[in-house]
Amino acid sequence: MEQVKLAEKVMSIVLGNDMKDQVNMLVSKDIDDENLLTSLMESFASIECALGRSEIVNDVIQAILRVLSGKIMLKAKEVIGHGKWHYYAIDHFDMDESERNLRMKAANIAGIENYFYLGWKRIAALAKATKRSSKRSKQPDPFQDIVNNISYMIDPQDPDDFEHFECLINAYVLRTEFSPKMQKSISFELVVDAIECGVSFNSAFINKLKKSKKPDTSLRNFIFYETLEEKPGYAPRELKAKRRELATIINKLSFIGNMVIQNVEQYLERISLESIDKCFDVVKTLRDMKCAELKGI
């Protein structure tokens with residue numbers, strides 16, 4: 001990724017040395033090295049100083065530095081030992097425990113360098129989401145399935161882009177925890193729409209969806225009417241919700257086709273609910289056909 005190469009070049013100029021190579025060399029050393037802990041702490045202090053500098057505002061540089069500090073903390077934990085780590089971390093790594101754990105979790109991901117282009121905010125969001133997922137928390141690379149399946153194209157110019165990204169990953173992880181019946185009935189796009197509408201998927205709500213004969217219909221009813229019971233006619237929120245759901249599918253289709261379709265949601269604002277209903281199945285079919293084509297099915 002070009003932005004990662006540029007970020008590393010800027011980081012090297014600002015810091016005056018190749019911090020990345022220095023840290024990687026330290027974490028590869030044997031834990032019996034008597035000077036290792038001192039060297040780790042010196043490198044950590046340099047990184048924290050760099051993170052506080054006004055020049056280091058780029059989120060990709062933030063990702064690189066925070067992951068490097070995570071690697072240092074993982075190595076320090078190995079040297080100190082698990083039993084003494086908690087108090088040592090409090091005394092020597094001055095940050096919130098949640099931030100410390102996020103950096104260490106991200107640093108422990110196999111091939112984390114492949115995700116630097118996302119920036120720290122998105123990497124942290126992925127780490128938080130996978131931490132909640134019992135199926136992914138112990139995988140060497142718990143990010144891979146999520147990033148590949150949400151078909152996300154980063155748009156740093158869009159101020160709302162991060163919120164959308166966070167919604168996509170939360171929806172994907174949440175849906176993988178559903179029962180097979182619910183997964184078959186409730187689409188990823190519908191879960192995204194529900195989260196964007198503020199639906200809380202607590203255990204009681206999920207159990208109610210499980211008991212429903214038509215979980216997707218029940219979820220749509222809750223989005224539109226705030227009740228699982230089916231209601232006649234259109235709700236005021238239904239047109240907006242349908243547009244969001246269709247926009248998500250179109251954006252995914254454009255990602256698969258390696259193209260960018262601008263202002264999808266603004267365009268859909270001009271379309272009536274009846275017209276959206278007519279093109280909904282067509283767009284979903286196109287997406288499925290393209291996915292099958294890429295998979296060689």
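Helix axes are lines fitted to C-alpha atoms over the stretch in contact, and the angle between two of them runs from 0 to 180 degrees between N-to-C directions. The exercises below concern a predicted model.

**Exercise 1. Determine how H3 and H4 are oriented to each other, and which residues form their contact.**

Step 1. H3 and H4 pack with their axes 10 Å apart, at an angle of about 155 degrees.

Step 2. Angles over 145 degrees count as roughly antiparallel. H3 and H4 are therefore roughly antiparallel to each other.

Step 3. The crossing in which H3 passes H4 is left-handed.

Step 4. From H3, the contact takes in Leu36, Leu37, Leu40, Ser43, Phe44, Ile47, Glu48, Ala50 and Leu51. H4 contributes Gln62, Leu65, Arg66, Leu68, Ser69, Ile72, Met73, Lys75, Ala76, Val79 and Ile80.

Step 5. Sorted by class, the contact of H3 with H4 has 14 nonpolar, three polar and three charged residues.

**Exercise 2. Locate Ser69 and decide whether it is buried or exposed.**

Step 1. Ser69 is found in helix H4, which covers residues 59-80.

Step 2. The cut-off for buried is a relative accessible area under 20%. Ser69 counts as buried because its relative accessibility is 0%.

Step 3. Leaving aside residues up to four places away in sequence, Ser69 touches Phe44, Ile47, Glu48 and Arg103. Phe44, Ile47 and Glu48 are among the H3 residues in the contact with H4.

**Exercise 3. Describe the packing of H2 against H3.**

Step 1. Helix H2 spans residues 19-27 and helix H3 residues 36-51; their axes come within 10 Å and cross at roughly 155 degrees.

Step 2. That angle makes H2 roughly antiparallel to H3.

Step 3. H2 and H3 have a left-handed crossing.

Step 4. On the H2 side are Met19, Gln22, Val23 and Leu26, which meet Leu36, Ser39, Leu40, Ser43, Ser46 and Ile47 in H3.

Step 5. In the contact of H2 with H3, six residues are nonpolar, four are polar and none is charged.

**Exercise 4. Classify the exposure of Ser46 and give its C-alpha separation from Met19.**

Step 1. Ser46 belongs to helix H3.

Step 2. Ser46 has a relative accessible area of 36%, so Ser46 is partly exposed.

Step 3. Ser46 and Met19 are 27 residues apart along the chain, and their C-alpha atoms are separated by 8.8 Å.

**Exercise 5. Work out the relation between H9 and H11.**

Step 1. Helix H9 (residues 161-176) packs with helix H11 (residues 188-196) at an angle of about 125 degrees, and the axes are 9 Å apart.

Step 2. H9 and H11 are therefore oblique to each other.

Step 3. H9 and H11 cross in a right-handed sense.

Step 4. His164, Cys167, Leu168, Asn170, Ala171, Tyr172, Leu174 and Arg175 of H9 meet Phe188, Val191, Val192, Ile195 and Glu196 of H11.

Step 5. The residues in the contact of H9 with H11 comprise nine nonpolar, two polar and two charged.

Terms used
Residues numbered from 1 in each chain as written. Predicted model: local features only at pLDDT ≥ 70, side-chain atom pairs only at ≥ 80, totals over all residues. Heavy atoms only, no water. Helix = DSSP H or I, 4+ residues; strand = E, 2+ residues; numbered from the N terminus. Buried < 20%, exposed > 50% of the residue type's maximum accessible area, 1.4 Å probe, protein only. Contact = heavy atoms within 4.5 Å. Parallel < 35°, antiparallel > 145°, perpendicular 65-115°, else oblique. Left-handed = near helix turned anticlockwise from the far one by under 90°. Nonpolar A, V, L, I, M, F, W, Y, C, P; charged D, E, K, R; others polar.
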